[in-house]
Amino acid sequence: MQPITVLVTGANRGIGLELVRQIVARQSPPKHVFATCRNPDQAKDLQALAKETPSIDIVKLDVTDYATLRNTVVPHVQSKVGDLGLNLLVNNAGVLIPDELAKVTPEAMREVYEVNTIAPVMITQAFLPLLKAASARTTGGLSCSRAAVINITSKAGSCGDNTNGKYYSYRCSKAALNIATVSLSVDLKGDGILAAVLHPGWVKTQMGGSNAIHELSDSAKGMLDVMDRLTENETGKFFEWKGNEIPW
Ligand SMILES: NC(=O)c1ccc[n+]([C@@H]2O[C@H](COP(=O)([O-])OP(=O)(O)OC[C@H]3O[C@@H](n4cnc5c(N)ncnc54)[C@H](OP(=O)(O)O)[C@@H]3O)[C@@H](O)[C@H]2O)c1
C-alpha cells in the first residue's frame, strides 16, 4: 500500500507509536502522517520521531472529545491535506480494564465502550468527507492506498475464540467494534472505502504487559503487511497480525 495521507490515534506509545514509526520508514512513505494523542507535551518518543520526520504532524486528540474532533482536528487535517483527502484512518487508541464477573462495574463497562467502540465510529463519521475525497481521486478496487478504515480490535472480542471468559468490559467493547466495522464495510463499499479489523497479537506494551509474547516491531510490521494485502475481497473481515482470519 502507498497511502499519501494517514491518521493514527493513540500514537504516543505502544502499537500506535510503532505503527507511525514503521509507516514513515516505508519505501514510499506518506506525505502526511497525523499522529494523534491526548497529551502531545508528554509524548516524548513521538516528539523525537517527529523531529526527524517532517511528514509527522502531532495532533492533540482525546478520542472521546467529539467536539474537539469536529471543530479542531478534522479542520486541521483538512487544511493540511487539501484535495488529497485521507487515505488511511487507523483507530488504534484503546483501553483495557481487567475484570471478572464479581468485579465488573457499569462505570467500567461504559468507560471502555466509550473509548474502544463509540470513539472509532465517531472518528470515522467525522473523517468520512476526507475518506471519500481520497477515494474519489482513484478508481479501481478497494485498498489501504485508496481509502480505508482499519480498526485495531482484539481476539478478546471474538465469540468463537472465547474459551477463558472474564474481561467483560473489554471483550464486549471489541466485539461491538467488530460488528460496527462490518457495518462500515457495507455502508462505505459503494464509496470505495475499505473497512477491516486487525488483532495485533499479544504484544509487549503497557496494555499487553511484560508477559506478552510478541514484540511491538513484529506486530506492527505484520499488521502493515496485512494492510498491504487488503482488497475488496477482505473488506469487513477480521484478521490477526500474521494475516490469518479470526472467527467472529
Ligand atoms: N497489546 C496487546 O497485547 C493488544 C492485544 C489486542 C489488542 N490490542 C489493541 O491495540 C491497541 C493499542 O494497544 P496498546 O497495546 O498499544 O496499548 P497501550 O500501550 O496501553 O496504548 C494505548 C494507547 O491508547 C491511547 N488512549 C487510551 N485512551 C485514549 C483516549 N481517550 N484518547 C486518546 N488516546 C487514548 C493511550 O494514550 P495515553 O498514553 O494518553 O493513555 C495510548 O496511546 C488498542 O486498541 C488495544 O485494545 C492490544
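This is a predicted model: local features need pLDDT of at least 70, side-chain atom pairs count only at pLDDT 80 or more; totals for chains, interfaces and linings use all residues.
Residues are numbered from 1 along each chain as its sequence is written, and side-chain values use heavy atoms, leaving out hydrogens and water.

Let us stay with K204 for a moment. Its partner in a salt bridge is E215, and the closest N and O atoms of the two are 2.6 Å apart; a salt bridge here is a side-chain nitrogen of Lys or Arg within 4 Å of a carboxyl oxygen of Asp or Glu. Both K204 and E215 sit in the loop between β6 (194–199) and α6, eleven residues apart. Helices (H or I, at least four residues) and strands (E, at least two) are DSSP runs, numbered from the N terminus. E215 is partly exposed too, with a relative accessible area of 36%.

The structure holds five salt bridges. One of them joins the side chains of R26 and D228, at 2.6 Å from N to O. Because R26 lies in the loop between α1 and β2 (32–37) and D228 in helix α6 (residues 216–229), this pair ties together parts that are 202 residues apart in sequence. R26 counts as partly exposed at 21% relative accessibility, and D228 is partly exposed at 30%.

K221 is partly exposed, with a relative accessible area of 47%, and D225 is partly exposed at 27%.

Now turn to two residues in other loops. N87 is found between α3 (66–81) and β4 (88–91), and it is buried, with a relative accessible area of 5%. K155, in the loop between β5 (148–152) and α5, is partly exposed at 33%. Not counting residues up to four places away in sequence, K155 touches D161, H199, F238 and I246. K155 and V104 are 51 residues apart in sequence and 20 Å apart in space, C-alpha to C-alpha.

Our last stop is the largest pocket, with a volume of about 1400 Å³. Of the 50 residues that line this pocket, L96, Y170, T205, M207 and G208 are the closest to its centre. The elements giving two or more residues to the lining are α1 (14–24), α4 (106–136) and α5 (168–188). On a 1 Å grid over the protein atoms alone, a pocket is an open set of points where a 1.4 Å probe fits, with protein on both sides within 12 Å along at least five of seven lines, and lining residues have an atom within 4 Å of a point. Grid points are joined across faces, edges and corners, and the volume is the space filled by probe spheres set on the points. The lining divides into 20 nonpolar, 21 polar and nine charged residues, where Ala, Val, Leu, Ile, Met, Phe, Trp, Tyr, Cys and Pro count as nonpolar, Asp, Glu, Lys and Arg as charged, and the others, Gly among them, as polar.

Conventions: Buried means under 20% relative accessible area, exposed over 50%, partly exposed in between (1.4 Å probe, protein chains only). Contact means heavy atoms within 4.5 Å.
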